[in-house]
Amino acid sequence: MNILETVVLALRALLRSKTRSVLTALGIIIGVGAVIAMVAIGDGAKASVQKVFDAMGTNMLIILPGSSRSGGARGGFGSQPTITWDDLEAVRTQLSTVRGAAPEMRSNAQVFSEDQNWNTSIIGTTTDYFIVRSWTMAQGARFTDSDNEAGAKVAVLGQTVVDNLYGKGFNPVGQVIRINKTPFTVVGVTAPKGQSPVGQDFDNTVFVPATTFRRQVQAQSLGTYITGAVFVQAASADLTAKAQTDVTNLLRERHRLGEDDPNDFDVRNLAEVASGQQQSTETLSLLLAAIAAVSLVVGGIGIMNIMLVSVTERTREIGVRVAVGARPRDILAQFLIEALTLAVLGGIIGAAVGLGVAKLLAAQFGWPMLVRPDVALLAIGFSGLVGVVFGLYPARKASLLDPIDALRYE
């Protein structure tokens, strides 16, 4: 017998008991499906998390001012201004591990165009902010250092603000908007960034020079102190942790804090936050991997059991085949190929089921579905290996049957 005839015989034997074959392969289907879904969902979730943090900026540190005290009650970080403009300049120019730094002073205001209005966030900052936050321009240009020094009344709009003031597809560069009754000329529109992990719309923002913000938008000026956070970009991803340490040491020295004094500021590393998100995703992936492994083992045991039953049911058939010239290795090959075929078909069906589940969950959670063909092929190949390993004992048992005893079997 050649290998093709053996495969045909194996398929005919499986098709004689379709329901039993499907139920036997169910463990393999669930296992492979779980593997495919695990990888597609896990990679999609990681990509989604990474996209959010990339939108916030790469190699990012955030310096928050200190906490206030009132009647024994302590406010959180950011409730007491402690970071000065000189601190910002020192961080920006004195540290080799820092590529750039910019303030973020924030306020809410009603913004007016000629015939529409929209409530949005107003951010006062410097031109470095767009570099630090990796924010490109979709139209026009960002304001310049000269605009900041002169307190120019210019503004850069986020895409959400443009859509609500002028409509989708409109180019507002050169238009005039009013913030707190003060006219601002639109000089640029930022490229869309989407939402933060907590649902904040990055594009629902108007950016103005920091000097202009302090004069025209801010309710009261705090002089040398920055009323908000400072965003810092490390020189590279590998230097982010070192930059965090350098910024902390520099600010402690500038604020003349003793060795035992607590920080009157907080430096947060967004890479650590992203790492925590990634670890949560990896934990979920490991859980799904464990489910997949158990399912594949259970499926393999199911294949072994059903093949043992098949050997018992077909004992006379085996005897007849041996009597007319079939060799033990032919019997071994037939039953081994039956187990292999059952496992591989289960793996293919499982891969299809896994892709379907991954697509549904990706649509439900708004994640991208990243399909890796290498993982699908590996999972199907592993299911075939499971079929061979667990099908070997029944196949060997069939090949060792005595033909006389097999023919006498009732």
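The following dialogue explains how to read several features of this predicted model.

Q: How many helices and strands does the protein have?

A: An overview begins with the elements of secondary structure. The protein has 14 helices and twelve strands. Of its 410 residues, 46% are buried. Among contacts with a separation of 6 or more, 76% join residues 24 or more positions apart.

Q: How far does helix α13 reach, and where does α13 bend?

A: One compares the end-to-end distance of a helix with the span expected from its length. Helix α13 covers residues 373–399, which is 27 residues, and reaches 37 Å from its first C-alpha to its last. This is close to the 39 Å expected at 1.5 Å a residue.

Q: Where does UniProt place the feature "transmembrane region"?

A: An annotation from a record can be set beside the computed structure. The UniProt entry, which is unreviewed, places this feature at residues 21–41, 286–311, 331–355 and 375–393. Over residues 21–41 the model is 95% helix and 0% strand, with end C-alpha atoms 29 Å apart. Over residues 375–393 the chain is 100% helix and 0% strand, and the end C-alpha atoms are 28 Å apart.

Q: Which residues touch the most other members of the largest nonpolar core?

A: A core is read by asking which members have the most neighbours within it. The largest nonpolar core has 40 residues, and Ile 177, Ile 179 and Val 206 touch the most other members. Strand β4, residues 98–112, supplies the largest share of this core, with five residues. A second, separate core contains 31 residues, including Ile 28, Leu 342, Ala 351 and Val 386.

Q: What does Val 206 touch?

A: Neighbours up to four places away in sequence are set aside in such a list. The remaining residues touched by Val 206 include Val 111, Ile 122, Ile 123, Leu 157, Ile 177 and Ile 179.

Q: Why is strand β10 described as largely enclosed by the rest of the structure?

A: The reasoning rests on burial, which here means under 20% relative accessible area. Five of the five residues of β10, residues 205–209, are buried, so this strand is largely enclosed by the rest of the structure.

Q: Which strands pair with β10, and do they run parallel or antiparallel?

A: Pairing is read from the bridges between strands and from their relative direction. Strand β5, residues 117–125, is joined to β10 by five bridges, and the two run parallel. For example, Ser 121 has Thr 205 of β10 as its bridge partner. Strand β7, residues 154–157, pairs with β10 in the antiparallel sense over two bridges. There, Val 156 has Phe 207 of β10 as its bridge partner.

Q: Is Thr 182 buried or exposed?

A: A single residue is judged by its relative accessible area. Thr 182, in strand β9, has a value of 10% and is therefore buried. Leaving aside neighbours within four places in sequence, Thr 182 is in contact with Lys 153, Ile 177 and Gln 216.

How values were computed:
Residues numbered from 1 in each chain as written. Predicted model: local features only at pLDDT ≥ 70, side-chain atom pairs only at ≥ 80, totals over all residues. Heavy atoms only, no water. Helix = DSSP H or I, 4+ residues; strand = E, 2+ residues; numbered from the N terminus. Expected span 1.5 Å × (residues − 1). Core = buried A, V, L, I, M, F, W, Y, C linked by side-chain atoms within 4.5 Å. Buried < 20%, exposed > 50% of the residue type's maximum accessible area, 1.4 Å probe, protein only. Contact = heavy atoms within 4.5 Å. UniProt positions renumbered as here; feature names shortened; annotations may be inferred. Pairing = 2+ DSSP bridges.
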